[in-house]
Amino acid sequence: MKSSYELAMERFGDGDDSKALTDEQKAAIAEIEVKYKAKIAERKIFLEKSLADALATENEGEAEEIRRQIAEEVSALEEEAEQAKEKIRQA
């Protein structure tokens, strides 16, 4: 019987079939991570200010909409980052 670790490694590939990343690819991926973390932080700061304003005026409907928007935008930016990193990995 295989351990959870062995099953996970099989699922994600244990390095036998994949090629190692070059230093340039690693640097590009790190740059993408920094860029998208900054974008996410920027959007969160902006939207959390709007959320605080909505809560201050006790507008729960608007507050919930802003919470949903924060979640959607963070998710979309994370997906963009993963797609950009995957392009570099495939190159």
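## Model and confidence

This is a predicted model, in which local features need pLDDT of at least 70, side-chain atom pairs count only at pLDDT 80 or more, and totals for chains, interfaces and linings use all residues. Residues are numbered from 1 along each chain as its sequence is written, and side-chain values use heavy atoms, without hydrogens or water.

The protein chain has a mean pLDDT (the predictor's confidence in each residue, from 0 to 100) of 89. Of its residues, 92% reach 70 or more. Confidence is lowest in helix α1 (residues 4-12), with a mean of 73. It is highest in α2, at 96. Helices are DSSP runs of H or I, at least four residues, numbered from the N terminus.

## Nonpolar core

The largest nonpolar core has 14 residues. I32, Y36, I66 and I70 touch the most other members. Helices α2 (23-56) and α3 (60-90) are the elements that give two or more residues to this core. A core joins buried Ala, Val, Leu, Ile, Met, Phe, Trp, Tyr and Cys residues through side-chain atoms within 4.5 Å.

## Around Y36

Y36 touches L77, E80 and A81 (heavy atoms within 4.5 Å), leaving out residues up to four places away in sequence. The charged end of K39 sits over the Y36 ring, 4.8 Å from its centre. The criterion is NZ of Lys or CZ of Arg within 6 Å of the ring centre and within 35 degrees of the ring normal.

## Q25 in α2

Q25 is found in helix α2. Beyond neighbours within four places in sequence, Q25 contacts A20, I88, R89 and A91.

Methods. Buried < 20%, exposed > 50% of the residue type's maximum accessible area, 1.4 Å probe, protein only.
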